[in-house]
Amino acid sequence: MAYVLVPDGYELKKVTKAQQEAVERFASTNATTAFLSGPASGELVKAVAIVVTPIVLAALAKQVDLPDFNVTSFIDEQLSKILPDLDIDF
């Protein structure tokens, strides 16, 4: 038998599967809302943009095959413009 620590003033109660799913959805929604309203979500968007943008640009450049376009130097130029604003050394 499993033991559970229950704070004073609370009691254990059996719930149906549907009630348990509803509580889990509610908790998940609250956690998502708290994350999106906090400062971490903006930092996550910046980090994803920094990582994904060069990959997408490189893939597009390979498909287009521009002979006078150097992907590496272009990405370096763009990152040197963006990263100082984010206080990241490059």
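This is a predicted model: local features need pLDDT of at least 70, side-chain atom pairs count only at pLDDT 80 or more; totals for chains, interfaces and linings use all residues.
Residues are numbered from 1 along each chain as its sequence is written, and side-chain values use heavy atoms, with hydrogens and water left out.

The structure holds one salt bridge, defined as a side-chain nitrogen of Lys or Arg within 4 Å of a carboxyl oxygen of Asp or Glu. Glutamate 43 and lysine 46 form a salt bridge, with their closest N and O atoms 3.5 Å apart. Both residues belong to helix α2, where they are three residues apart, about one turn of the helix. Helices are DSSP runs (H or I, at least four residues), numbered from the N terminus. Glutamate 43, at 49% relative accessibility, is likewise classed as partly exposed.

## The segment after α3

Leucine 86 is located in the segment after α3 and is partly exposed, with a relative accessible area of 23%. Leaving aside residues up to four places away in sequence, leucine 86 touches Lys46 and Ile50, contact being heavy atoms within 4.5 Å. The C-alpha atom of leucine 86 is separated by 14 Å from that of proline 39, and these two residues are 47 residues apart along the chain.

## Helix α3

Helix α3 comprises residues 71-82, 12 residues in total, and reaches 16 Å from its first C-alpha to its last, close to the 16 Å expected at 1.5 Å a residue. The expected span is 1.5 Å times one less than the number of residues.

Val71, Ile75 and Leu79 are the buried residues of α3. They lie on the same side of α3, because they cover an arc of only 60° around the axis; the arc is that of the directions from the helix axis to the C-beta atoms. The cover over these buried residues includes α2 (40-64).

## The nonpolar surface patch

Phe35, Leu36, Leu44, Val48, Val51, Val52, Ile55, Val56 and Leu60 make a nonpolar surface patch of about 790 Å². Patch residues have over 30% relative accessible area and no salt bridge, and nonpolar side chains (Val, Leu, Ile, Met, Phe, Trp, Tyr) are joined within 5 Å. Accessible areas come from the Shrake-Rupley method with a 1.4 Å probe.

Helices α1 (17-37) and α2 each supply at least two residues of the patch, and the largest share, seven residues, comes from α2. Leucine 60 lies in helix α2 and, at 46% relative accessibility, counts as partly exposed.

Key. Buried means under 20% relative accessible area, exposed over 50%, partly exposed in between (1.4 Å probe, protein chains only). Patches are made of residues with over 30% relative accessible area and no salt bridge: like charges are joined within 9 Å, nonpolar side chains (Val, Leu, Ile, Met, Phe, Trp, Tyr) within 5 Å.
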